[in-house]
Amino acid sequence: MSEHKSLSPWHYKPWWCQPWSILLTGVILISSSWLLFKIIWLTVLVAIPVLAWMGFFILIWPQLMIRSGALESYQRDSIQQ
């Protein structure tokens, strides 16, 4: 019997690219900026690209992968082999 993986894109990513690791990395980067420099404008300057990166990979990327059908074709190809 073949193994049937879920269509969640997170099942195909390594541990360092999971939602919890993305959130943890973002929080650490923003917090470190504040703890090291204690300058609000610098922390905001660091937070903007970090939050954009987190938002893309946690909210947008999974939906794009599901809609593209790439997971279904990957799953179909792995079952056939």
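Gln18 touches Trp10 and Lys13 when residues up to four places away in sequence are not counted. The model in which these contacts occur is a predicted one. Gln18 is located in the segment that precedes helix H1, which spans residues 19-37. With a relative accessible area of 15%, Gln18 falls below the 20% cut-off and is therefore classed as buried. A polar atom of the Gln18 side chain is positioned 3.3 Å from the backbone oxygen of Pro14.

Once neighbours within four places in sequence are left aside, Val50 is in contact with Gly26, Leu29 and Ile30.

Confidence was examined for the chain and for its elements. The mean pLDDT of the protein chain is 89, and 86% of the residues score at least 70. Among the elements of the chain, H1 has the highest mean pLDDT, at 98. The lowest mean, 73, belongs to helix H3, formed by residues 70-80. Where pLDDT is low, predicted coordinates should not be read in detail.

Definitions and conventions
Residues are numbered from 1 along each chain as its sequence is written. This is a predicted model: local features need pLDDT of at least 70, side-chain atom pairs count only at pLDDT 80 or more; totals for chains, interfaces and linings use all residues. Side-chain values use heavy atoms; hydrogens and water are left out. Helices (H or I, at least four residues) and strands (E, at least two) are DSSP runs, numbered from the N terminus. Buried means under 20% relative accessible area, exposed over 50%, partly exposed in between (1.4 Å probe, protein chains only). A polar contact is a pair of N or O atoms within 3.5 Å; within protein, one must be able to donate a hydrogen and the other to accept it, and residues adjacent in sequence count only if both atoms are side-chain atoms. Contact means heavy atoms within 4.5 Å. pLDDT is the predictor's confidence in each residue, from 0 to 100.
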